[in-house]
Amino acid sequence: MKKLSKIFAITLAVLLSAASVLPLVFEGKIGDIVKREAAARLRVRLGFEKLDVSLLRHFPHASLDVRGLTLAGGAPFAGDTIAAADRISVVVNLLSLFGDEGIEVTKVIAVRPAVHARKLADGTVNWDVMKPVQSDAERAAEPSGSSSFRLAVRDVRIDGAVFRYEDDSTRMRFSASPLSLRLRGDLSAAQTDLSLRLEAGRMRLVSGDAVLLADAEGELDAVLSADLEQRRFVFAQNTLRLNAVELSLGGRVDLAEPGAVAVDLAAECRKVQFKDILSMIPAFYTRDFRSLSASGELSLAAWAKGRLAGGEVPAFEVKLGVREGAFRYVSLPKAVTDIAVDARVSNAGGTIDDTKVEMPLLTLTMDGNTVRASFAASHLFSDPHFDAAVSGRADLGGIREVYPLRDGEAFSGIVTADLRAAGWMSDIERERYESVEASGTFVVEDLFARVDGWPDVHVRRAAATVSPAAMTLGELDLAAGRSDLAANGRLTGYIGYLLRGSKLSGRLYVESDRLDLNELLSSVPASQQREGVQQPAVSAAADTAAHAPVIPANLDLALSAELHEVLFRKMRITNLSGGVRVADGAVLLDGLAMEAFGGRVNASGCYSTVADAQRPELRLGLDVAKASFERTFGELEVVQRLVPLFAKTGGSYSMRLDLAARLDASMTPELKTLNAAGTIASQDVRIRRIEAFSKLADALRYEPLRQIEARDVAIRFTIADGRITTEPFDLRIAGAAIRLSGTTGPDRTIDYKARVSLPEGAAGGVLTTLDVGIGGTFSDPKITLGVKEAAVDALKNLVNEQVRKLTGSAPFEAEVDEQRRKIGAAVGEQSGKRSAEAEHRAQMLRDEAQRAGGTLVKAAEEQRDELVAGARNQLAKAAAEKAGDKLAEAAQEQAAKLAAEAEARAAALTGDRQ
């Protein structure tokens, strides 16, 4: 017995060791198989982060876990992620790993997968991922058993999926999250019963601009009799629920024909009540639905029969009828009554364009007011034919008595309508208005609306009349929060705009006492549901980042505006007038005049979201007159970043500016894309406590530089890649002249060159002109003085100046000529005298020349010492020492010349010859 136990223990240990070691052996083989099969069968790229094999997790079967799986699309869907999943687990028959007949798959589990299905306008789909099927000849030539997989799946599970479908050809959008699926059955059998359970949350269905479903819930619980060889499925027992509507499906689906689906289905709704139909309306289903009671006679039927392939659709019909309907919330005093609905959506079979939508009857009564409407449409996608009417009176104050409003919400006012329109869309587009019927009036009086997150809206009165050609807005007077607006005008193409989003054109005249764009724009929801797929997984979450206003491409409106006050960010604009055109996704400004920044501004330009709605393009031409430096800096963030000098500048300026830039989500120019050129001029500039000039004043010991007060300044500048470059310009400050040029960066770095000319006696009494480099940053500048060049210029000027002081005349050459004249005169007087006396006179000439030269040298040396002693800083002292040495050297040279000239004259008196 002990021996048997020992053998059993050893055997178990060997098996466990094998179970641990064998996965390491097969991981490489299976990974290669997966990659080889994907490359052979898929036209898209399959990738995964990690692949694990386990023999213990689903013993006696092996399991394969693929983590971080992605399926990336190819052209024309390059860059899109078609599918992604956190984990895909595949359970396989362990024995099939050792054979050559392929791997037998028995179970598939997908954890948090994301699928993005898309159909382009030309019909191309991104889920066509398989390579073309081989021809019969190629299939016959292929060795049998070439596939490495055999499906014998009995269980498929999908947990926490995100699904999104986009159809650009029909402008249809559908999304669901989360989505769960459980499918059980023997998929390897020729015939089997498949058990299917599907749950979907937050379903959203949009057709064009119409939201058909929002935040809906769905559930399907079905048993299908499946003929897998013939690919035919018959609905046996099933229940389909959409919100509170429960249906059962009967019929079959046939997939035998490649690329086509044959259906013969009918929906039964034995238990559907009027309240269940109300659950399909998001406003009811998401607001106290359990406390809603409803009554009325209801009929609902749906069926589909035919072939779905390419552009062909089966015949189908959905009918809804309500008679004597009513609903009431338990907590509210009144009910909505006399509800009658007769609606039908049908297609006799053919194309989706053959679908007809008919609602000849829709009526309801609320708080004693009755509203009636009807609608019919056909050929929705080619040339819609429509017939719509609405009439009645609604007192919005009665809403609070029949519908549970949220805290803080309130509505009031009277809306009266009597409108009818009928015709073909092609007649409207071709302006054949005689073939279109449209007439009626629409009036709103004393409307008030308060909704959380939006400013209060008060429409004092709005009145419009319609004709086939146009809608005439006779009056609009409204207030929204702190803003008000009055408008009138005429709109054409309004029917096409309402029915299919065609272009709306017209002219409006707009006037406002105050337009607070800060309040209005902050109320616009910043999130927009993105239709694209996130990577590596698709997310249905909304992007909550701020975004710049998007200009619709289907508008062509000319606005004549008179706006007395506009508030935008920190700017306050007054007396704005001029023309604005909204067309083709852009806002065009044409000679807009306004008062801003303490001056007058004329603006022309364009704001466009055509190329990139997330990064709008701005082109602007500005003429600014007598604006305040201080207000401009305080109100414009881009000026604070690029021209910090404005913060310490007083006075006014005028400017001509042409700029182009991309804007970010907060409507701020992206500095790397900002390019501009212009001229700024001022007759009165006052700049105080600028670090660069304070440091320059310290270096030169010239206090007036600390406070700049200049007149008639003109600066030409350009902006490229966010950096401002100024051409050379002149400043005159308290007797000093400065010629300045350079650049300023968005990081407040500066790089300027200045030529500074100081008045006489400044900078220690020596320097008058020097070059200065100004680098570093605006708050911490670095000053570099051109000492060598400044000293050379100072020497040349200083020597002549000191000679004038020494001789009383200018410069040395003039003094030497005077001495020569005196010596020459003395020679002439002595030319006729005796030789002894001539010798005496010659010696007197030599003595006079020596005395004059000595006096000149002594005076130069004394002046040099005075210059050095009088220098007030190191720079001035260095220049004074150089200038003094040069002065003394020049005096010695001139003294030697005087002595040589006296000796030559003396020789002439005595008759000596050299």
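R656 and D658 join their side chains in a salt bridge, 2.9 Å from N to O. The term covers a side-chain nitrogen of Lys or Arg within 4 Å of a carboxyl oxygen of Asp or Glu. R656 is partly exposed at 36% relative accessibility. D658 is partly exposed too, at 39%. The cut-offs are under 20% relative accessible area for buried, over 50% for exposed, and partly exposed in between (1.4 Å probe, protein chains only).

The model is predicted: local features need pLDDT of at least 70, side-chain atom pairs count only at pLDDT 80 or more, and totals for chains, interfaces and linings use all residues. Residues are numbered from 1 along each chain as its sequence is written, and side-chain values use heavy atoms, without hydrogens and water.

The salt-bridge count comes to 47. D65 and R67 form one of them, with their closest N and O atoms 3.9 Å apart. D65 is buried at 2% relative accessibility, while R67 is partly exposed at 34%. R344 and E358 form another, at 2.9 Å from N to O. This pair links distant parts of the chain: R344 sits in strand 16 (residues 336-347) and E358 in strand 18 (residues 356-366), 14 residues apart. Helices (H or I, at least four residues) and strands (E, at least two) are DSSP runs, numbered from the N terminus. R344 is partly exposed at 30%, and E358 is partly exposed at 29%.

Now the rings. The whole structure holds 4 aromatic pairs. Rings of Phe, Tyr and Trp (its six-membered ring) pair if their centres lie within 6.5 Å; planes under 30 degrees apart are stacked, over 60 edge-to-face, and the rest tilted. F163 and F174 have ring centres 6.3 Å apart and planes at 55°, so this pair is tilted. F163 belongs to strand 6 (residues 149-167) and F174 to strand 7 (residues 172-184), 11 residues apart. F163 is partly exposed at 27%, and F174 is partly exposed at 24%.

Y329 and Y403 are edge-to-face because their planes stand at 85°, with centres 5.9 Å apart. Y329 lies in strand 15 (residues 315-329), and Y403 in the loop between helix 5 (399-402) and strand 21 (410-424), so the pair ties together parts 74 residues apart in sequence. Y329 is buried at 0%. Y403 is buried at 16%.

A charge also meets a ring. K275 lies over the face of F289, 5.0 Å from the ring centre. The criterion is NZ of Lys or CZ of Arg within 6 Å of the ring centre and within 35 degrees of the ring normal.
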